[in-house]
Amino acid sequence: MLSPAEESEPTWFGPPPPAELLRYESSDVSPHLLSQGAEARVWLLHLPKTSDSDAGKATVSVGSGISVPKLNSVTQLLSISPGIHTTICKERFPKKYRHPQLDISLTKSRTKAEARCLIRCQRAGVPCPNVLAIAHWSNEQKHGDSCNTSGRLMNDKSISLTETSNTSSCLFLEYIHGCTVRHYLEERSNPPSTDSHKSKHSGEPEVKRARCGADEPETIDPNQSQEQERITTVIDKQTLLVARTLGALVAKMHAAGVIHGDLTTSNVMLRNPPSSSYNGSSNNDDGSWTPQLVLIDFGLATSTSSILPNESKTSSTALSNKQKPKQHKQQHNAEEKAVDLYVLERAFLSTHPESELLVEEVWRGYRSFYEGLDNDYHTNETNLDKDRNELNTIGAYSHVVNSVMNRLEQVRLRGRKRECFG
Amino acid sequence: MTFTDPPCPLSPIHNLPLPSPSRFSHLYRPNHQGKTVVLGIEGSANKVGVGVLCYDPETETYQTLSNPRKTYVSPVGCGFLPKETSWHHQAHVVALVRAALNEAYPDDDSPQSLSYNNAYEHRFKRSPHPHFLPNRHLSAIAFTLGPGMGGPLRSCAIAARTLALLWKLPLVAVNHCIAHIEMGRVATSAADPVVLYVSGGNTQVIAYSDGRYRIFGETIDIAVGNCLDRFARVVGLSNDPSPGYNIELEARKHTNDTPLKFVDLPYVVKGMDVSFSGLLTFIEELTKSKHFVRDGPTENDEQFTIADLCYSLQETIFAMLVEITERTMAHCGQSSVLVVGGVGCNKRLQDMLELMVSDRGGTLCAMDHRYCIDNGAMIAQAGIFGLQYGSESMCVKGVEGTDCRQRFRTDQVEIVWRPKTRGKHS
């Protein structure tokens, strides 16, 4: 994801964005296209700077004759939220290649599912963007108004034909500052001379970046010294720490019952890239830096049952009475979690060459989270625990993580994943 | 025929500079005209094909001199079985080699203007013309090492080994998937595309990175072509010329005036991966439902026909494929897409990809059936790269190391002819 530093003309591919979105204006900044992913466009919206009292009359300029009830509620909601100056609008736009019927059901269900999973993660304390609002808007451009679009005004016939397929689903999310873990790892791997990426970084001096990338004496990757021309992934304390934190984060999300479905290093943000907190002394090796990772893009996420014990206390939902999932349910979850981890593993290995050690560290972090849960369970609830007998010498959560890891082993070996046929 | 195809220039595909042949002279030498000519033999599935490919150093172009192919068509309701397919390949491979050489090195006396069928008979029955000297005209024999069905693979590998021993030529062992990709790159002049490889046995989304073709997404169970073939079998569509083509024809009955019914089918995309087996079971169950009309028109909205199912199946599975391709494009920051493999010549898939790619401001590189479907020229194309750039793993010295591999992943081959850097998507 690009940083807002790159202020350029919003250029987008695909159908024109909904008129409501384009016409949304705060002070003088129009929506800025952050990135165009595979299935959605991510817009950055600057919110009007209003005091709480002004919130009702948010600065929205609406063309004549178009009613946008949802937009008003969105702006109201967003502008009264304190501390939010920018928001991300993830617009799932209609895909021309898909059958309209398929397109509309996919678009709507995915937006809803994403919002649900994000909220679930929030409740469980997994760092992810806040959900601010949801809206379904038509992409049709009427009245030949200010929108600069090619397919702007169609005659009545064609509009009626494409009417059903022309809906964008918009999800308003909190804006996360920082860079992706993928970006971070590649930055570390690339020698400082190749500075093609640097411009993307928000206002960081080039020097700091170079220092960060040149931090190589610590590398413990044996392969790296052998072949200089190959691009390898830097493996040192810092990247290992990021990997470990990532593993623990994924474990927490899984424990909360959310399966991400698209775990890649591009979908994890690093709130505090180390070079930006660099201030004179090298903080890469003193251990004081802890990465603040945020999971993003829950576009393919699904939810299963939660196994977090704490959640039953914080949120008084139906989850409260199941502290230890039943055996068959657990197996089912293990499969989905293992596939999730497998996606992550392959994303890691295919995006970052020779990052096997990092992947192992991710698994270590994943395990350690569950082991931590076990320890909490033992220390907190030894006195009043009723189903003590369910906990053997090996903790219940270690049992979960073992079954997930065993299943991961099976998923790795499964069929053609290993070697293809035909 | 393929002889009339224009030569494909080497420069647009941004390979490494071609090393001088002397470096690998122990393996091959250019022929008496200074050209490098490779004969490729393909037979990993139900097609057996032989292609002759020529590299001309003066124009720096690759040209397909000939590319005959023969397909084993199984009876309706039946897939191709390894044993019968092997027999088919064994029966035809010699004649195909003969036909390929006849076409590549035509005798001056041979009539060029025969109709296809006559020419086919003519070429198959005759020996290569008397001035053709294999050892002098050819530089190497390339064959499919894998992946594929064991019997057919071995049948063609035996033919390749025999020719290599007989004509004292080096052997080049080629990965089938790599061959598809390289043929596509050369034929469409695509330098660094995201590759959607869809065939009866494989469904992969591939992008080049650091010396390997890395698989970003693939099917987690059966291949897309397998899904189509098995559906065609269930509803009794013919296997001639191919079940997938007959499904395509049925689905083409959909027009704006007479739209076909879209039946909801499971849509399974997991990250960058897809799954088809559940969808296949679902659609097989649909053909047993009381609303399924095998013949004749539908009477109410509930009912659906074979054409409806074919249309819905294509729409659904192709949308899944286009989606994972788009994901890979977004992930790698690439803008061009190359579609290869037997399913890749489906017009509807190409149209959907075109819509997606043009929305992203990129280009789609697609080919017609001559190069999309398994053929000998693509084996020769990947083989000639391996030979010219001296790939250690592909160039085998003798017949040792030519044991076929039924399982052989795309990312197991080191691509020595492309730059090591990660290219655009680093």
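How many bridges pair β6(A) with strand β8 (residues 268-270) of chain A, and in which sense? The two strands pair in the antiparallel sense over 2 bridges; strands are DSSP runs of E with at least two residues, helices are runs of H or I with at least four residues, and both are numbered from the N terminus. Two strands count as paired if DSSP finds at least two bridges between them.

The structure is a predicted model, in which local features need pLDDT of at least 70 and side-chain atom pairs count only at pLDDT 80 or more, while totals for chains, interfaces and linings use all residues. Residues are numbered from 1 along each chain as its sequence is written, and chains are lettered from A and ligands numbered from 1 in the order in which they are written. The model scores ipTM 0.86 and pTM 0.78. For chain B the average pLDDT (the predictor's confidence in each residue, from 0 to 100) is 88, and 91% of the residues score at least 70. Residues 110-115 of chain B have a pLDDT below 50, and this stretch has 3 contacts in the model beyond near neighbours in sequence. Where pLDDT is low, the predicted coordinates should not be read in detail.

Thr180(A) is placed opposite Met269(A) in β8(A). Axes are lines fitted to C-alpha atoms, for helices over the stretch in contact, and angles run from 0 to 180 degrees between N-to-C directions.

Between the chains, 30 residues of chain A are in contact with 42 residues of chain B, a contact being two residues whose C-beta atoms, placed from the backbone, lie within 7 Å. On the side of chain A that touches chain B, α3 (100-124) and α10 (327-351) of chain A each supply at least two residues.

Chain B is divided into domain 1 (2-190 + 371-425) and domain 2 (194-368), with bounds from an automatic or database domain assignment. The C-alpha centres of the two domains of chain B lie 29 Å apart. Their contact takes 30 residues from domain 1 of chain B and 35 residues from domain 2 of chain B. On the domain 1 side, α5 (176-188) and α11 (369-372) of chain B give two or more residues, and the largest share, 8 residues, comes from α5(B).

An open sheet of 5 strands in chain B has the order β10-β9-β8-β15-β16, with mixed pairing. Its edges are β10 (212-218) and β16 (363-365) of chain B, each with a single partner strand, so one side of each is left without a neighbour in the sheet. Strand β15 (residues 336-340) of chain B runs parallel to β16(B), joined by 3 bridges, and Val337(B) stands opposite Leu364(B) in β16(B). The helix α5(B) packs on this sheet, touching β8 (194-198), β9 (203-209), β10, β15 and β16 of chain B, and its direction makes about 125° with that of β15(B). Helix α9 (residues 306-332) of chain B also packs on the sheet, touching β8, β9, β10 and β15 of chain B, at about 155° to the direction of β8(B).
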